[in-house]
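I opened this notebook to record what I looked up in one structure. The entries follow the order in which I consulted it.

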Amino acid sequence: MAGPARPQFVLFGSSIVQMSFGHGGWGATLAEIYARKADIVLRGYFGWNSRRALQVLDQVFPKDAALQPSLVIVYFGGNDSMGPHSSGLGPHVPLPEYIENMKKIVTHLQSLSKQTRVIVLSCPPVNEAKIRENKSEFLSEVVRTNELCQSYSEACIELCQEMGVKVVDLFTALQKRDDWMEACFTDGIHLSAEGSKIIVGEILMVLNKADWEPCLHWKSMPTEFAEDSPYDLVAADGKTTLNPSDWTYHLENQWD
């Protein structure tokens, strides 16, 4: 591990997490925003549901780890909410079991340390027409509907509210754009850069409003090696230097 140790933010979930460093993804954007403040650690698994997450939970988040994450952003639900296959195979998880699984996942994450915070992302909507267009000869029919997505999203939000856990309502957030069906997805399911921007904004809003100590919003966190140095860039007066540690001009968006 490269030192010194920074706070760790772990992204844990299915393909929306695994792919979050591509296509201008929300994971990559968080890594850029939190440069020199926190390490964004990717633990995403394409196609997984909450059942598979539970199988590896102790391996991904061992309770005896020397360094525990400061924040875990967890997302499962899109695959769980798929319609069941007649064979009994596939990622579908009945809604009551999904809720129990998410409760176990969140409870485990909360037990890692007193300083470990959790944010849950609820199931986002999908572009049903786009999904139907993208049929594959290698896959059985994919049954994904917004009716199912909404029911899993609402159940997840209700669970988080009962547990006192921060939650982002992705089902509602993405649909605030009038053109969300075309703008927010690459294939009707996975997020485009525009969809990822919405997620980043929602996560930062939660972090800014949370009464956590220490605060995990990027503007409140210390910057690593931020002291002034005579080796910094020379100012226009030719006599002083400019400390670039917290410059943000290079960010595509000036995030709050």
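**Entry 1: Aromatic pairs**

I looked up the aromatic rings and noted that the structure holds eight aromatic pairs. A pair requires ring centres within 6.5 Å, for rings of Phe, Tyr and Trp (its six-membered ring); planes under 30 degrees apart count as stacked, over 60 as edge-to-face and the rest as tilted.

I noted that this is a predicted model, in which local features need pLDDT of at least 70, side-chain atom pairs count only at pLDDT 80 or more, and totals for chains, interfaces and linings use all residues. Residues are numbered from 1 along each chain as its sequence is written, and side-chain values use heavy atoms, with hydrogens and water left out.

I then examined Phe12 and Phe61, which form an edge-to-face pair at 5.1 Å centre to centre, with 80 degrees between the planes. Phe12 lies in strand E1 and Phe61 in the loop between helix H3 (50–60) and strand E3 (71–75), so I recorded a link between distant parts of the chain, 49 residues apart. Helices (H or I, at least four residues) and strands (E, at least two) are DSSP runs, numbered from the N terminus.

Buried means under 20% relative accessible area, exposed over 50%, and partly exposed in between (1.4 Å probe, protein chains only).

I next checked Tyr45 and Trp48, whose ring centres are 4.4 Å apart with planes at 20 degrees, so this pair is stacked. Tyr45 is partly exposed at 22%, whereas Trp48 is buried at 12%. I found that Phe12, Tyr45, Trp48, Phe61 and Phe76 form one aromatic cluster.

**Entry 2: The sheet**

I traced an open sheet of five strands in the order E2-E1-E3-E4-E5, with parallel pairing. Two strands pair if DSSP finds at least two bridges between them. The edge strands, E2 (39–44) and E5 (166–168), each pair on one side only. Six bridges join E1 (residues 8–13) to E2, and Gly13 stands opposite Gly44 in E2.

**Entry 3: Helix H6**

Which residues of H6 are buried? I listed Asn146, Cys149, Tyr152, Ser153, Ala155, Cys156, Ile157, Leu159 and Cys160. An α-helix has 3.6 residues a turn, so residues three or four places apart point the same way. Just after H6, I noted that Gly164 takes a positive phi of about 70 degrees.
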